[in-house]
Amino acid sequence: MTRRTIWTVLGVAGIVGFIAFGAGAFRSNLTPYVSFQQARATRDAVQVAGKLVQGSDSFDEPSARLLFTIKDDHGDAMRVAYKGLKPGNFNEAKQVVAIGRFQGGVLQAEKLLVKCPSKYQGLEEKEYRSSSS
Amino acid sequence: MFLPGALALWVAFLSLVASTVFYVRSLRGHTASRAWARQAYGLATVGVVIAAGVLLYLIFTHDFRIHYVYSYSDLSLPRHYLFATMWAGQEGSFLLWLMWGMLVGLPLIRYARHYEDRTLIVYNLAQISILLILLRQSPFRFLSDLPAGQVPFDGQGLNPLLQNPWMTIHPPIMFLGYAATAVPFSFAIAALWGRRYDEWTKASMPWALVTVVTLGCAILLGGYWAYVTLGWGGYWGWDPVENSSLVPWLASAALVHGMVLQRARGRFRKLNFSLAILAYVLVVYATFLTRSGVLADFSVHSFVDLGITGWLVANLAAALAAGFGVLLWRWREIPAQPGDEPLLSRTVLFVLAIAALLGTAAMVLLGTSAPLITRVFTKPSQVNAAFYNRVTLPIGILLATLLGVVPYLHWKGATQEFRRRLLLAGGLAALAGSIAVLAGARGVLYVAFLLVALFAFFSNGLKTVEEVRHRRFRAAGGYLAHVGLGLMLAGIVVSSAYDRSEKVVLNLNQSKQVMGYTLTFMGVDKPTPTAREAMLVQVQEGDGKTYIARPRMFRSEKSNQLVANPDVRVHLTHDVYVSPIEFDPGRPPEAGATLDLGKGESGTAGPFSIAFDGFEMSGSHSAGEQITIGARLTVRHGADVEEVSPTIKSTPSGFTAAPVPLPGSPGAAAQIASVDAASHRVRLSISGVGGGVAKRAVLHKGEQLVYRGSTLAFDDFDLSDFDPQAGKINIGVVLKVLDGAGKGREAEPSFHGGGPGAPQYEDAEFPGLPGVTLRVGKLDPNEKTAELQVIDPQAPGDPGEPMHFSVDVTIKPMIGLLWSGLVVLLAGGILSVVRRGEEFSTAVASQTAPSA
């Protein structure tokens, strides 16, 4: 075998090994978008989305967690606990996406994504001034 | 559409098209066309700069007819944030990107030489692709459905999170980096097209370095901004927006190394063509990911689908097809020299480093694109941050090792001092690493990463010192950059793997111990009504020194968005990071007694006898000032006599009353509830003396309430003075005492509303219970219910709820290494840009000389 062949073999082996490593990590860290039911059934990290139940959020001081309830389209409700700062636009949220594991009756969220109604809505109620002034 | 701006963009567009056409003619042998092409390019540049100027003018003159100005600015923004408005939105940032691109093209025309026609054709097309987006989604369009002749009074304002000095300079630097990636791309295609496979690397290398320096700087500025303003304690969250600038940076870093390699060894041409095309395609792909809305469900950043997704996809397809199409077309013609290099040579290490950089880029790209990939098979899903940490850690270790070994290698083997120097650097790294382990560093992979990062730091540091000692300053640039990189990697490992954090709830004026620090919440600082609240937390450190941390938490008036900023205290070895989680203003103690006093009258509340001596005023309404009214009171408590004066302030936004403590009884305070200037009467709320609402009940007609042995029944409403048409909403509640001391007697507390001013409640004595009064609460005419409050001066009183503040305290060790490493990296990078730029100019000069 020439040196070049050795290089090629090593290179291909390295690339294949790396791809396998990456693919493995990818599969094991994928957080699938699931229904509430599926989220309750698994111990893996998942992603769920639902409507925020207005007024359901409270701050639990001893555990320093934000607790709230989200509801899916079928009316199924899920309690979510989030260890961290309440997202800035939380109370205006149309929909909340939570990523985490279901444990002890609540979804322990590591990450929250809050989706708000477009900030350009409600323009009609704004104050106007005449352009001539 | 605001005409001057839109016109400037159209002029720029037509000029760019003209420039491209003239360059094509020039390429066909029509040499006079080249001058025209340059002129047209110049005109296009002027057009774009004018468009940017017009947008800036509209922002500064607060022209809220313009959608962009209305959406991202308001009247209250200070000047530097008005500048930042320019790139706060999608359209403005595309315009900024385009402007950088046009400006970068000016020196490009001058230095492209043999490549000029072809390079500029490609470069112009790349600019046109951005310009088309701006023409479709113009920053100059007016607000839609605006009533004719009307302009909004104020804009919606700039996102308060973006109102940060770092955020004003981050985007311009970022987009300079983005714009610069088009240069190597254009050169690569021109080189393939014109079959000149070598010189293009020389001409485009300074630009590739500019991308590496600016994009790297911008990425870390963004990280620094996140660290000091967002409060989640980190600088990097593997968010799609962050990743989408990291990936082009990794590709550009690989490209720079590939170019060095090609120039030194005369090989790896295909690699560099691929890298130059890839870097640009990745920028376009990143733009597609972050601006089309495809990742809207997966990123904390707000992505709005502007309806330009189609354009972005078309751009991506065009860049891919043009780039790799031309490369494949010439693939077999590109000269390749198979070589045989020893393993321990700079050549092989460079190849490995390029592979590692590309491997990292591929993994980050894979993770970021997860929602797009998984969409094909199932519902779109994303990967969590653990994925990125897991895949980048081993590659990072490999990269840092290469980084440490490479300074003492030649292109074809090891230098003489190779062993000695590496032993020295390794020894120093081991020493520093042992100190870290003694200080608490654990975990095999983390310690290994730390060791190799330190090794890279020391090895490159030694080499830099040698170069400087031999007065080869410019050659030191690369090594110096790697010194910074070693520092940064060490800082990243230590600060993220060994940080400690604890959450704590702080009551007002109470101290709590957290990780060796004593924290005391001292209250809210809001010096002016419009100032943003800062929470004052006194932090006593282990050595007894104290400082006041000022984390912020406020609600933005415009967007009603809750904004929280951490407080970061920087020390040599660690940062103390105090981040707000939740603030509860608490509830002041409810007034136990109310005194309604005329001048000279007095009354009793708990142990106090209080006399009202008159008002004192300051400020005047006519000057638009705040008026402060004080009530002079003489307070007797046993034998003690003292004068106090609680005040009430009238401001445009309402009244604020300041309570004063009453002497002799801790927690007792008096506060003005209302003043009647005409009749010189004052109403005082006295809290902390006991007393107050002892019982609350909602009664239907006929229902009963029992208090201290007396039974009271709700008999009926008294509507004898109820006439809403005459502005009289007076409702009495007739109550009968059925049992107890006042048996048989009636009481009628009432509600008086409908007139000017706030509704009044008229209390009634509880028959048979001296001092106890009855007050009406909520009346429900539909349900025919009345809420009733029994107010008893002997009730225990309501202590209120203390104000409290929850914070997350994090100790971040050695994070300063990251930022100082960045500065060193930048210094090295800039040295390299200068060096490569000069090399290129000299090369140009030597080429020109013989022909002249």
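Helices (H or I, at least four residues) and strands (E, at least two) are DSSP runs, numbered from the N terminus. Axes are lines fitted to C-alpha atoms, for helices over the stretch in contact, and angles run from 0 to 180 degrees between N-to-C directions. The model is predicted: local features need pLDDT of at least 70 and side-chain atom pairs count only at pLDDT 80 or more, whereas totals for chains, interfaces and linings use all residues. Residues are numbered from 1 along each chain as its sequence is written, with chains lettered from A and ligands numbered from 1 in the order in which they are written.

In chain B, the axes of helix H1 (residues 3-27) and helix H2 (residues 32-60) come within 7 Å and cross at roughly 160 degrees. This angle makes H1(B) roughly antiparallel to H2(B); angles under 35 degrees count as roughly parallel, over 145 as roughly antiparallel, 65 to 115 as roughly perpendicular and the rest as oblique. H1(B) passes H2(B) in a left-handed crossing (a crossing is left-handed if the near helix is turned anticlockwise from the far one by less than a right angle, and right-handed if clockwise). The residues of the contact of H1(B) with H2(B) comprise 20 nonpolar, 6 polar and 2 charged. In this classification Ala, Val, Leu, Ile, Met, Phe, Trp, Tyr, Cys and Pro count as nonpolar, Asp, Glu, Lys and Arg as charged, and the others, Gly among them, as polar.

For helix H10 (residues 240-265) and helix H11 (residues 269-291) of chain B, the axes come within 9 Å and cross at roughly 170 degrees. H10(B) and H11(B) are therefore roughly antiparallel to each other, and their crossing is left-handed. By class, the contact of H10(B) with H11(B) has 17 nonpolar, 7 polar and 1 charged residues.

Helix H17 (residues 444-469) and helix H18 (residues 476-497) of chain B have axes that come within 8 Å and cross at roughly 155 degrees. The crossing in which H17(B) passes H18(B) is left-handed. The contact of H17(B) with H18(B) divides into 19 nonpolar, 5 polar and 2 charged residues.

Domain bounds come from an automatic or database domain assignment. For chain B, this assignment gives domain 1 (1-158), domain 2 (171-383), domain 3 (500-585), domain 4 (593-687) and domain 5 (692-792). The centres of domain 2 and domain 3 of chain B, taken over C-alpha atoms, are separated by 40 Å. Their contact takes 4 residues from domain 2 of chain B and 8 residues from domain 3 of chain B, where two residues are in contact if their C-beta atoms, placed from the backbone, lie within 7 Å. On the side of domain 2 of chain B that touches domain 3 of chain B, the residues divide into 1 nonpolar, 3 polar and no charged. Chain A is divided into domain 1 (1-30) and domain 2 (32-115), and the C-alpha centres of these domains of chain A lie 39 Å apart.

Two sheets of chain B are described next. An open sheet of 4 strands has the order E5-E35-E13-E12 (chain B), with antiparallel pairing; two strands pair if DSSP finds at least two bridges between them. Its edge strands, each pairing on one side only, are strand E5 (500-507) and strand E12 (567-570) of chain B. The twist averages 20 degrees from one strand to the next. E12(B) pairs with strand E13 (residues 574-584) of chain B in the antiparallel sense over 4 bridges, and B:Arg569 stands opposite B:Val576 in E13(B).

Another open sheet, also of 4 strands, runs in the order E14-E23-E22-E21 (chain B), and the pairing is antiparallel. Strand E14 (593-598) and strand E21 (660-661) of chain B form the edges, each pairing on one side only. Between E21(B) and strand E22 (residues 669-676) of chain B, antiparallel pairing extends over 2 bridges. The bridge partner of B:Val660 in E22(B) is B:Ala670.

The contact between the chains takes 34 residues from chain A and 41 residues from chain B. On the side of chain A that touches chain B, the elements giving two or more residues are helix H1 (3-28), strand E1 (30-31), strand E6 (95-103) and strand E8 (128-130) of chain A. H1(A) gives the most to this side, with 6 residues. The residues on this side of chain A divide into 15 nonpolar, 10 polar and 9 charged. Pairing also links the chains: E1(A) and strand E2 (residues 382-383) of chain B pair in the antiparallel sense over 2 bridges, with A:Leu30 opposite B:Val383 in E2(B).
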